[in-house]
Amino acid sequence: MHVDYADLHKTVAALTEGEDDTVALMATIACEVHHSDDRFDWTGFYRVVAPELLKIGPYQGGHGCLMIPFARGVCGAAARTSEAQLVSDVDAFPGHIACASSTRSELVLPVFDPEGRVIAVFDIDSNQPDAFTRDDADALSEILANAFGK
């Protein structure tokens, strides 16, 4: 099963309409995205909680790392650069943090507040190598921008 992004966008928009609590938004998005595609084995958010530090937020899947500094891993790179990280082989990514040994590929997207500040990253791990495409990154970035206001 591969995600129908148009349908997912409508579903998330309907479920989150009028909601401004970031934790509620994150929980709803993590759940809907996680269950939309069988490539998505771990789906969740890491929130910016201090300068240069991410802490786990709402997620679906096995347990994740509790804290990730901006200086480490794929999530840290997305937070540090404010750019999507599309990693086809996590073993080839310098400094990859293995929260789950089964993860083969990863997509991490920065989440922005209405002022354009990074408030979190949205992390999707797959047990399949090369599971994600630029289309996945673009469609999910649009869903995040719609929900969080930028």
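Helices here are DSSP runs of H or I with at least four residues, strands are runs of E with at least two, and both are numbered from the N terminus. The expected span of a helix is 1.5 Å times one less than its number of residues.

This is a predicted model, in which local features need pLDDT of at least 70, side-chain atom pairs count only at pLDDT 80 or more, and totals for chains, interfaces and linings use all residues. Residues are numbered from 1 along each chain as its sequence is written, and side-chain values use heavy atoms, with hydrogens and water left out.

Start with helix α1, residues 5-16. Its 12 residues should span 16 Å at 1.5 Å a residue, and the end C-alpha atoms are 16 Å apart, which agrees. Tyr5, Leu8, Val12 and Thr16 of α1 are buried, meaning under 20% relative accessible area, where exposed is over 50% and partly exposed lies in between (1.4 Å probe, protein chains only). These residues cover an arc of only 55° around the axis, which puts them on the same side of α1. The arc is that of the directions from the helix axis to the C-beta atoms.

Contact means heavy atoms within 4.5 Å.

At the start of α1, a side-chain oxygen of Asp4 comes to within 3.2 Å of the backbone nitrogen of Ala6. A polar contact is a pair of N or O atoms within 3.5 Å; within protein, one must be able to donate a hydrogen and the other to accept it, and residues adjacent in sequence count only if both atoms are side-chain atoms. The start of α2 has a contact of this kind: a side-chain oxygen of Asp21 reaches to within 3.1 Å of the backbone nitrogen of Val23. Just after α1, Gly18 has a positive phi of about 80°.

Helix α2 also passes the length check. Its 13 residues should span 18 Å at 1.5 Å a residue, and its end C-alpha atoms are 18 Å apart, which agrees. Leu25, Met26, Ile29, Ala30, Val33 and His34 are buried in α2. They cover an arc of only 140° around the axis, which puts them on the same side of α2. The buried residues of α2 pack against α1, β1 (42-50), β2 (53-60), β6 (118-126) and α4.

**The sheet**

Six strands make an open sheet: 6 strands in the order β3-β2-β1-β6-β5-β4, with antiparallel pairing. β3 (67-69) and β4 (85-87) are the edge strands, each pairing on one side only. From one strand to the next, the twist averages 25°. Two strands pair if DSSP finds at least two bridges between them.

| Strand pair | Bridges |
|---|---|
| β1 and β6 | 6 bridges |
| β1 and β2 | 6 bridges |
| β2 and β3 | 3 bridges |
| β4 and β5 | 3 bridges |
| β5 and β6 | 8 bridges |

Trp42 stands opposite Asp125 in β6. Tyr46 faces Ile56 in β2, and Lys55 stands opposite Met67 in β3. The bridge partner of Val87 is Glu106 in β5. For Phe112, the bridge partner is Val118 in β6.

How many residues of β5 are buried? 7 of its 8 residues are, so β5 is largely enclosed by the rest of the structure. Helix α3 (residues 73-81) lies across β1, β2, β3, β4, β5 (105-112) and β6, at about 30° to β5. Helix α4 lies across β1, β4, β5 and β6, also running at about 30° to β5. Axes are lines fitted to C-alpha atoms, for helices over the stretch in contact, and angles run from 0 to 180 degrees between N-to-C directions.

**Turns and positive phi**

Most residues other than glycine have a negative phi. Glu52 has a positive phi near 65° in the hairpin of β1 and β2, which has 2 residues between the strands. Asp130 is not a glycine either, yet its phi is positive, about 50°. Asp130 sits in the loop between β6 and α4. At 55% relative accessibility, Asp130 counts as exposed.

Glycines occur in other turns. The hairpin of β2 and β3 has 6 residues between the strands, and Gly61 in the turn has a positive phi of about 120°. In the hairpin of β5 and β6, 5 residues lie between the strands, and Gly116 in the turn has a positive phi of about 90°.
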